[in-house]
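Subject: Structure handover

Hello,

Here is the structure you will be working with. Please open it and keep it beside this email while you read.

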Amino acid sequence: MPKKPNFLLITTDQQRGDCISAEGRGVKTPNIDRIGAAGVRFRKCITPHPMCQAARASILTGKLPYSHGVRDNGRDLDEALGAAGLGGTFSKAGYDTHFIGKAHLSSQQTFEPTGRPECYKSAKDFGPEWRGKYMGFDRVQLMLRPHHHTQWYAPPEALHYEYWLDQDGRGQERWDRAKERLDPQTAHFQTWRSGLEEEWHSSPWIGDRAVEMIENKKDDQPLMAWVSFPDPHPPFLSPRPWCDMYNGDDVVIAKHPHLDLENRPWWHKAFVEDRAKPIKQGSEHNAGGIDWGQKGDLNEQALRDLTAIYFGMISSVDYQLGRILDALEAQGELENTYIIFASDHGEWLGDHGLLLKGPMMYDGLLRVPCLVSGPGIPANKVIDDPVASTDILATAADLADVETGPNHGRSWRDLWEGDGSRDFALSEYEVDSIRSAVDLDMRTVRSKRYRMTVDMYTDTGELYDMQEDPDEMVNLFDDAGSSGIRKEHMDMIRARPDDMIPVAPRVGWH
């Protein structure tokens with residue numbers, strides 16, 4: 001009987017689609033390149049949602065956000081839906097399933113305890129020896145606080161990474177040292193050279209856990225793992241040597257770094273103005289009394305510093321990816337392993353005067369890197385058809401020849417085999433004013449040539465010709481000459497399956 005293939009999904013958090021070597025922006029990602037050289041790169045892969053929790057729920061379930069209920073951060077995925085997703089599908093098929101790193105498949109900063117391990121108020125109920133199950137994965141090693149905009153709390157308010165960081169009672173000291181700003185100083189409060197030694201940061205910890213998992217793999221059982229790095233999510237900090245890898249004077253910064261709210265939909269201005277107001281979401285999320293949701297002054301030097309350290313964070317993750325690939329090779333498993341690399345969503349990084357993420361679906365936020373390699377996949381192939389990370393479950397299940405429940409994904413196999421094509425991919429985001437200043441039913445479609453986003457409540461929106469206007473400077477939504485294109489793309493949006501479920505209750509902020 002042929003040996004069953006392994007599956008490794010490796011994700012980053014908030015990595016733009018143009019921030020890999022192959023996109024030519026100057027980021028050095030030799031190990032992501034290895035996946036592309038051995039397989040397929042999707043040039044137009046989009047996120048189904050621009051926020052972590054909803055995007056990750058879509059990767060897990062293969063469903064668009066309005067059909068799994070997580071329409072924003074702070075809304076918890078139904079555990080039965082989660083268990084029927086990627087981990088549960090492969091566990092049921094006999095795979096040894098693992099999740100390592102940042103899950104964010106449940107809310108962290110909640111109003112009340114939710115009883116889930118990722119909830120700050122409930123983590124103590126699980127303890128250092130707990131390893132799952134969680135959301136269908138048999139064994140997990142997770143992070144409760146994957147980013148440094150949060151406060152430190154000592155165990156037992158901890159998951160596996162925090163217990164490890166606090167192994168000798170020095171977790172608080174290390175957490176604080178990560179916030180020490182080494183010289184040379186930067187021109188933006190959201191980015192710095194971290195004083196914490198590299199080995200204590202999250203990327204090496206995840207790399208170590210993934211290598212150990214591969215080295216301990218059972219010979220008679222195939223492996224399925226989601227390895228999830230929390231970088232390059234803000235605040236943008238990195239230790240040496242990665243923080244010094246790129247010279248700020250040399251990096252390619254945002255081409256149009258100024259707010260250009262004219263001829264944009266009304267919600268752009270409303271969101272920007274709300275972001276200037278005082279902190280709303282509390283000290284749990286805003287460590288040190290700093291509003292980490294602020295964009296700050298995006299002058300040229302600030303953008304150069306932000307971009308250089310953002311690139312360094314990506315290269316740091318790429319190094320760990322190389323260790324994972326080498327471990328697979330050393331164990332004789334690389335040729336029998338499907339590897340999918342993607343990110344949950346992108347980052348504005350100064351585009352149009354914006355930083356971080358929100359309800360402006362510019363290409364830097366919407367498009368993510370996406371590559372896949374493995375047995376039978378053609379080498380060094382680039383595909384331009386629009387796809388989405390909702391397709392990951394369907395693709396993996398197809399390649400493994402396993403059954404999965406109903407979902408919105410389509411296997412990519414026909415694209416690299418040349419038998420199929422894709423006309424468009426969808427993204428959707430219910431924005432609520434409690435968290436994000438405005439109420440929107442925001443639907444986005446990315447076709448081969450255009451990107452259109454519409455607020456279904458007010459029938460206002462934006463439409464860009466990505467071929468002639470890749471920087472999204474000219475909004476064609478209300479242009480009389482583009483009415484036919486607008487109608488065609490509204491038909492695409494309305495073509496989503498009629499299987500929406502009620503929005504999950506808001507249990508917190510993040």
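A residue counts as buried when its relative accessible area is under 20%. Keep that cut-off in mind for helix 12, which covers residues 392-400. This helix is mostly covered, with 8 of its 9 residues buried. The buried ones are Ile-392, Leu-393, Ala-394, Thr-395, Ala-396, Ala-397, Leu-399 and Ala-400. What do they pack against? Their partners are strand 1, helix 2 (52-61), helix 5 (86-92), strand 10 (337-343) and helix 13 (413-417). Just after helix 12 comes Asp-401, with a positive phi of about 60°.

**Confidence**

This is a predicted model. The mean pLDDT of the chain is 96. A value of 70 or more is reached by 99% of the residues. Where is confidence lowest, and where is it highest? The lowest is in helix 14 (residues 433-436), at a mean of 89. The highest is in strand 17 (residues 450-455), at 99.

Start with Gln-15. It sits in the loop between strand 1 (6-12) and helix 1 (30-38). Is Gln-15 buried or exposed? Its relative accessibility is 1%, so Gln-15 counts as buried. The side chains of Gln-15 and Thr-12 make a polar contact of 2.7 Å. A polar atom of the Gln-15 side chain also lies 3.0 Å from the backbone oxygen of Cys-19. Now leave aside the neighbours within four places in sequence. Gln-15 is then in contact with residues including Ile-20, Ile-32, Pro-232, Tyr-310, Phe-341 and Arg-367.

Next, look at Ser-315 in helix 10. Its relative accessible area is 3%, so Ser-315 is buried. Which side chain does the side chain of Ser-315 meet in a polar contact of 2.6 Å? The partner is Tyr-246. Beyond four places in sequence, Ser-315 is in contact with Lys-28, Trp-242, Met-245 and Tyr-246.

**Pockets**

The largest pocket has a volume of about 570 Å³. It is lined by 25 residues. Nearest its centre lie Asp-18, Asp-363, Arg-367, Pro-470 and Asp-471. How does this lining divide by class? It has 14 charged, 7 nonpolar and 4 polar residues.

The second largest pocket holds about 350 Å³ of space. Its lining has 17 residues, and His-408, Arg-410, Phe-424, Ala-425 and Leu-426 lie nearest the centre. Strand 14 (387-388) and strand 15 (424-431) are the elements that give two or more residues to this lining. Strand 15 gives the largest share, 3 residues. By class, the lining of the second largest pocket has 9 nonpolar, 5 charged and 3 polar residues.

**Cavities**

There are 6 cavities of 30 Å³ or more. The second largest cavity has a volume of about 190 Å³. Which residues lie nearest its centre? They are His-148, His-201, Ser-202, Asp-231 and Leu-237, from a lining of 20 residues. Helix 8 (202-215), strand 9 (236-238) and helix 10 (300-330) each supply at least two lining residues. The largest share, 3 residues, comes from helix 8. The lining of this second largest cavity has 10 nonpolar, 8 polar and 2 charged residues.

**Backbone details**

Two cis peptide bonds deserve a look. One runs from Pro-155 to Pro-156, with omega near 20°. Pro-156 is in the loop between strand 5 (139-142) and helix 6 (160-165). Another joins Arg-240 and Pro-241, with omega about 10°. Pro-241 is in the loop between strand 9 and helix 9 (266-275).

Then check two residues with positive phi. Leu-356 has phi near 80° and is not a glycine. It lies in the loop between strand 10 and helix 11 (363-366). Leu-356 is buried, because its relative accessible area is 7%.

Asp-459 has a positive phi of about 55°, and it is not a glycine either. It is in the loop between strand 17 and strand 18 (460-465). How accessible is Asp-459? Its relative accessibility is 46%, so Asp-459 counts as partly exposed.

Best wishes

Note on methods
Residues are numbered from 1 along each chain as its sequence is written. Side-chain values use heavy atoms; hydrogens and water are left out. pLDDT is the predictor's confidence in each residue, from 0 to 100. Helices (H or I, at least four residues) and strands (E, at least two) are DSSP runs, numbered from the N terminus. On a 1 Å grid over the protein atoms alone, a cavity is a set of points where a 1.4 Å probe fits but cannot get out, and a pocket is an open set with protein on both sides within 12 Å along at least five of seven lines; lining residues have an atom within 4 Å of a point. Grid points are joined across faces, edges and corners, and a volume is the space filled by probe spheres set on the points. Ala, Val, Leu, Ile, Met, Phe, Trp, Tyr, Cys and Pro count as nonpolar, Asp, Glu, Lys and Arg as charged, and the others, Gly among them, as polar. Buried means under 20% relative accessible area, exposed over 50%, partly exposed in between (1.4 Å probe, protein chains only). A polar contact is a pair of N or O atoms within 3.5 Å; within protein, one must be able to donate a hydrogen and the other to accept it, and residues adjacent in sequence count only if both atoms are side-chain atoms. Contact means heavy atoms within 4.5 Å.
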